[in-house]
Amino acid sequence: MSWWKSIFPKRASDAQMNTELRFHIDELIDENIAAGMSAEEARRRAMLDFGGQEKFKEEVRDVYRIRVLDATLANLKSAFRFIRKSPTFSATVILTLALAIGANSAVFSAIDAILLKPLPFPQSDQLMRLQQRHPKLSIPNPFVAPIRLEDWNRLNSTFQAITGYYTEDISETSAALPEEFTEALVAPRFLQVWGVAPALGRDFSFEEGRAGGPDAVIISDRFWRRRFAANPNALGQKLHIGNSSYTVVGIMPASFLFPDRDVDLWSPVPVDVPYAQSRESTWYTAIGRLKPGISIDQARANLGTVQDQLAQQFPKTDAELSVGIDPLKETAIASSRRSLWLLFGSVSLLLLIACTNIIALLLARATQRQHEISVRFSMGAPRGALIAQLLTETFLLALLGALLGLLAANAASGVFRSLAASLPRVEEIRLDARIVLYSLACSVIVTLLCGLFPAIRGTRRNLYGSLNQASRTQVSGRNSLQWLLVGIQVALAVTLLSGAGLLLRTFQELGRVSPGYDPSHILTFQISVGWGETADLKKLRQKTDRILEALRSTPGVEAAAISVGVPGVPFKYQTELKLVEGRAESEPKLFADNHLVSASYFATMKIPMLEGALCRETDGPPSVVVNRSFANAYFTDSQVIGHHLEASNLGYSGSAEIVGISGDAREAGLDQPPVPTVYWCAPVAEPGTYFLVRTHNAPMTMAETIREQIHDFEPQRSVYNFAPLEQHFSDALAEGRLRTILLTFFAATALSLACIGLYGTLSYNVNVRRREVGLRLALGALRGQIIRQFLWQGLVVCIVGCVAGWVLAAASGRLLTGLLYGVSPTDIPTLTAVILLVLVVAAVASLIPATRAARVEPMQVLRNE
Amino acid sequence: MPIEKSDLLQGTLDMLILKIVALGPVHGYGISLRIRQISKEVLQVQQGSLYPALHRLEKRGWLAAEWGASEKGRQAKFYKLSAKGRKQLESEESNWNRLAGAVANILQTAQ
C-alpha cells in the first residue's frame with residue numbers, strides 16, 4: 001500500500017483537515033457558550049453536533065483520491081457492458097487485433113530467440129569466431145590449420161583460450177547394425193572455451209589430447225538417453241568406432257547443442273599427430289573466448305601482431321594471411337537477420353493497417369455515441385473521465401485481441417518452426433514471459449494509437465449541445481478523416497503486396513532457371529567414412545570404386561558418381577590457382593570455385609562436355625575439367641586445354657592438366673549465376689562426400705535397395721541421408737520460401753483489412769446519406785447514377801492510396817535487393833498487377849454498399865423522417 | 001422545519017456554497033452560519049456534507065483556498081471564488097431560475 005500513500009500524501013492533508021475542522025468546532029463551542037452553556041456542556045454539544053469526525057474526514061479524503069481504483073473498475077465494468085452490447089463491432093476489433101498482434105508476437109518471438117537473446121553459453125558475448133583470411137579471396141577460408149590454431153592460442157594475450165572443431169559422420173558398430181552418428185572432433189580446450197562442464201563425468205585429460213594417449217569420447221545427452229537409456233553407468237563404457245574403441249568419459253547437459261543439435265559425440269584430436277602439422281591443410285572451425293574486459297578491436301590488433309610474427313617465421317605459408325575475428329553470435333545468425341527484420345517490418349505494417357482500421361471503426365462508433373456522450377457531459381462528467389472511459393474500452397478490446405493473438409501465435413509457432421527449420425537457433429523459439437510482455441506492450445501501444453484520437457475527437461465540447469438534436473436528422477460531417485484512413489490502409493497494403501509480389505516473382509524466376517544439369521531423378525546419400533581412412537588413399541579409392549561399380553550394376557540405376565558438395569546447394573571452396581605455363585602480370589589472377597567429383601559426375605548430372613575429354617581417374621598426374629565461364633574469363637584468345645593448374649591448398653601436389661571444358665552449371669545455388677569453376681577428378685569418397693545416383697523411377701524408391709546392396713559388402717558402414725536432389729534445392733531455398741509465404745500471407749491479410757475498412761466506411765456513408773439518396777431518387781435520379789457515385793467515391797480514395805502505395809513500394813524496394821532474383825525492385829509488371837488486383841478487390845468491396853444505396857425506397861425513407 | 005442536506009436537490013448545495021463564497025472570502029464555519037442565517041434557519045447544512053463539498057469544489061478549481069486568521073485570531077481556511085467558479089455559479093443560477101420558474105408556473109397554472 002506504500003505506493004498508495006506516496007500518490008496521496010495523506011498525512012499532510014490530514015493535518016490541514018484537522019486544523020480546518022478544529023476551527024469549526026472551536027467556533028461552535030464559542031457559539032454555545034454565547035448561548036449560555038457551561039464550557040463543558042458547550043464542548044460536548046459541539047462535538048455531538050459535528051457528528052462522526054472520522055467518517056466524514058474519510059469522505060473528504062475521497063475527494064482527493066481521484067478514485068483511481070473505483071474509476072478504473074467502473075470504466076472496466078462499463079467497457080465490458082459496451083463489448084456485450086455491440087458484439088459485432090467488438091468481435092471485428094478483437095479479431096483484427098488478434099491477427100495483427102498475434103502475427104507480430106510470433107515474428108517477434110523468432111527475432112527475440114534468434115537475434116536478441118544471447119547464445120546459451122555463459123558470458124556468450126566473449127565467444128568469437130576466428131578465420132584465416134587471404135586478401136585475394138572474396139570469401140575467407142572458413143577453416144584454420146590445426147598447427148596455426150595452436151600458434152594463435154600460445155602467442156596471443158587477449159583470449160582465455162582458442163579451440164576448434166570439425167564434424168564427421170561415423171558408424172558405431174557395437175550394436176547389431178552399424179549406426180550413423182555425428183561426431184565432433186575437437187581441438188584441446190574445447191569445453192573450457194564454451195564454459196560448460198559435463199553434466200556427468202569429466203572433461204578430456206591432457207593425455208587424451210596427445211597422440212598415443214587413451215581414446216576418449218564425451219557423449220551428448222540425446223545419445224546418452226537413446227543408447228544408454230540415461231543410465232549413469234554409461235561412464236566408462238566402450239564405443240566401437242571404425243577400428244578403435246573409445247571410452248565414454250563424460251555426458252554433456254541437454255542444453256549443450258554445439259556445433260549443432262545433431263551432434264552425438266565429441267572426441268579430441270591429438271595435437272601432435274603428424275597429419276595435423278601441415279600449415280596448409282585447414283580443417284578447424286576456430287572459436288575463442290576473450291579475456292574479461294577485452295574488446296574485439298584489442299583482440300583483432302593482438303592476433304594481427306601474432307600473425308605478423310608467424311608470417312616472418314613461415315613466410316611461405318603465412319605471409320599473406322590475416323586473422324578475421326567476429327562475434328560468434330553474429331556469424332551464427334547474420335544470414336537470417338535481414339529476412340527476420342523484413343518480416344518484422346511487414347508484420348508491423350500489418351499492425352499499423354489494423355490500427356488504422358480500428359481508428360476508422362472507433363470514429364464511426366463515436367459518432368453513433370454522441371448522444372450518450374452529451375448526456376454524460378450534461379451530468380457533469382469531466383472530459384478526462386470520458387476519455388478515460390473510452391480508452392478503457394479500447395484497451396479492453398486490445399487486451400482481448402492480444403490474448404487471442406498470443407494463443408494464435410502459440411498455435412502457429414509449430415508451423416513457424418517447421419517452415420523455418422533452416423533458420424539458426426530455431427529450437428530456442430518459444431512463448432515465454434518476454435513474448436507475453438511484448439504482446440501487452442503491443443496492446444498498450446495499440447490503445448494509445450487507436451484509442452486516443454477518436455476519444456479526444458469524440459468528446460469535443462461542441463458536441464455538448466447535440467442533446468437537442470435528434471441524431472437521425474443529423475447529417476454527419478464530410479468524414480474526410482475516415483476516407484484518409486482508408487487511403488492509408490490501401491497505400492500500406494499496396495506496399496506489402498508489391499513486396500510479396502516481387503518475392504513470388506523471384507520464386508517463379510528461380511523455377512524457370514536452367515541449372516545447366518538435369519536435377520530430376522537424382523538420389524543423393526552419404527556413406528560413413530572416417531578421416532582416418534584418408535591416410536591410405538589408395539585403399540579408400542578402391543573401396544569407392546567398388547561402391548560406385550556396385551551402384552551402377554544395380555537394376556534401376558542409370559549412373560552413379562560422387563561429389564564433395566551437392567550441386568545446387570551453396571558450398572564454396574574458392575581458391576587462387578597458378579598456371580604452370582605462367583601468366584603475364586597484367587592478366588587477371590586465376591580464382592575459381594573448386595569441386596571434387598568423380599569423372600562419372602558429368603554423365604550422371606548430364607552436364608555436357610563442350611571440348612576435350614573427361615578427366616582421368618588415374619594414379620598418374622591429375623587432370624581437371626574447367627567450365628565455360630573459366631575458359632571465357634581467363635583464356636580469351638588462347639587454347640585452354642593442355643595448360644596445367646596448380647592448387648597448393650587443395651591437398652594435390654604437382655600440377656593438373658586441363659583436359660576438357662564442360663558446360664556452365666549452377667553449382668552454388670539456383671540463384672547463383674555460374675562462376676569460373678574447376679572440377680578436380682577425385683575418385684575418393686572422403687568423409688562427407690555425397691553419392692549421386694541417376695535412377696529410372698522416383699529416386700526415393702531406390703533407397704532401400706541401395707542400402708542393402710552396400711551393406712552386403714561394406715557391413716561396417718552406415719548409409720544415410722537419402723534425399724532426392726530436388727529436395728536439397730528446396731531446402732536451400734527454405735529461408736526464401738519462409739519469407740515469401742509469410743509476406744504473402746501478411747499482404748493478403750493487409751488487403752482484406754483495407755477492404756473491410758473501405759467497405760465499412762462506404763456502408764457508413766451510405767447509411768448516413770440514405771435520406772439524401774431517397775430524396776434524389778424521388779426527384780428522378782437514376783439508380784445507376786447513385787451506384788456510380790458511391791462506387792466512384794470508394795475508388796477515388798483507392799486510386800490515391802494506390803499511387804501513394806506505389807511511391808512507398810518504390811522507396812522501400814531497395815530493402816529487397818539481394819533477396820530478389822531475376823526481377824528488379826521496381827518491376828513495373830509486378831507493381832501494375834498489384835495495383836490492378838487492389839482496384840478490382842476494392843471495386844467489389846465498394847459495389848456492395850453502393851448497390852445497397854441504390855435500393856433505398858424513397859417513400860419509406862421520407863416517411864420515416 | 002429545517003431542510004437537511006439529503007432533502008436538497010442534488011447540486012443545490014454546491015450552488016449555495018458558491019453563492020455564499022461569492023460574497024467574499026469565508027471559512028467553512030462562516031458558510032454554514034450564513035446559509036442558516038440567510039435561509040432563516042430553513043436550510044441546515046451538516047458538516048458531513050459541507051466539507052466534502054468544499055474540497056470537491058476546490059479540486060474542480062471553482063474555489064480557491066488560503067490559510068488565514070479568523071476575526072478571533074484562530075487559524076482558519078478561507079475559501080474564495082475563482083473566475084471559473086464565478087462562471088459556473090452564473091450558469092447554475094440561471095439554470096436554477098429557469099427550473100424554479102418552470103416549477104412555479106406549473107404549480108400556479110395547475111391550481
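Reader: Starting with chain B: of its contacts with a separation of 6 or more, what share is between residues 24 or more positions apart?

Author: In chain B, 54% of the contacts with a separation of 6 or more are between residues 24 or more positions apart. This is a predicted model.

Reader: And what is the figure for chain A?

Author: For chain A, 84% of the contacts with a separation of 6 or more join residues 24 or more positions apart.

Reader: How many helices and strands does chain B have?

Author: Chain B has four helices and three strands. Read from the N terminus, its elements come in the order α-β-α-α-β-β-α. Of its 111 residues, 25% are buried.

Reader: How many for chain A?

Author: Chain A has 26 helices and 21 strands. It has 865 residues, and 40% of them are buried.

Reader: Which residues have the most contacts inside the largest nonpolar core?

Author: They are Leu97(A), Leu350(A), Ala493(A), Val494(A), Ala750(A) and Val838(A), in a core of 99 residues. Helix H12 of chain A, residues 328-368, gives the largest share of this core, with 17 residues.

Reader: Is there another core, or what lies apart from that one?

Author: Apart from it lies another core, which has 54 residues, including Ala145(A), Phe190(A), Ala234(A) and Trp266(A). In general, nonpolar side chains of soluble globular proteins tend to be buried together.

Reader: Back to Leu350(A). What does it touch?

Author: Setting aside residues up to four places away in sequence, Leu350(A) touches Ala100(A), Ala103(A), Phe746(A), Thr749(A) and Ala750(A).

Reader: Why does Trp266(A) count as buried?

Author: Because Trp266(A) has 25 C-beta neighbours inside 10 Å, and a residue with 20 or more is buried.

Reader: Which residues does Trp266(A) touch?

Author: Not counting residues up to four places away in sequence, Trp266(A) touches Ala184(A), Val186(A), Phe190(A), Val217(A) and Ile218(A). Val248(A) is 18 residues from Trp266(A) in sequence, and their C-alpha atoms are 9.9 Å apart.

Reader: New topic. Is Ser629(A) buried or partly exposed?

Author: Ser629(A) counts as partly exposed because it has 19 C-beta neighbours inside 10 Å, whereas 20 or more would be needed for buried. Ser629(A) belongs to helix H19 of chain A, residues 628-634.

Reader: What is Ser629(A) in contact with?

Author: Leaving aside neighbours within four places in sequence, Ser629(A) is in contact with Asp664(A), Pro674(A), Val675(A), Pro676(A) and Thr677(A). The C-alpha atom of Ser629(A) is also 9.8 Å from that of Ala592(A), although the two are 37 residues apart along the chain.

Reader: Back to chain B. How do the axes of H2(B) and H3(B) cross?

Author: The axes of helix H2 of chain B, residues 28-38, and helix H3 of chain B, residues 47-60, cross at roughly 125 degrees and come within 11 Å. The two helices are therefore oblique to each other. The crossing of H2(B) with H3(B) is right-handed.

Reader: Which residues meet there?

Author: From H2(B) there are Gly28(B), Ile31(B) and Ser32(B), which meet Gln47(B), Leu50(B), Tyr51(B) and Leu54(B) of H3(B). By class, four residues of this contact are nonpolar, three are polar and none is charged.

Terms used:
Residues numbered from 1 in each chain as written. Chains lettered and ligands numbered in written order. Predicted model: local features only at pLDDT ≥ 70, side-chain atom pairs only at ≥ 80, totals over all residues. Core = buried A, V, L, I, M, F, W, Y, C linked by C-beta atoms within 7 Å. Buried ≥ 20, exposed ≤ 12 C-beta atoms within 10 Å, placed from the backbone. Contact = placed C-beta atoms within 7 Å. Axes fitted to C-alpha atoms, helices over the stretch in contact; angles between N-to-C directions. Parallel < 35°, antiparallel > 145°, perpendicular 65-115°, else oblique. Left-handed = near helix turned anticlockwise from the far one by under 90°. Nonpolar A, V, L, I, M, F, W, Y, C, P; charged D, E, K, R; others polar.
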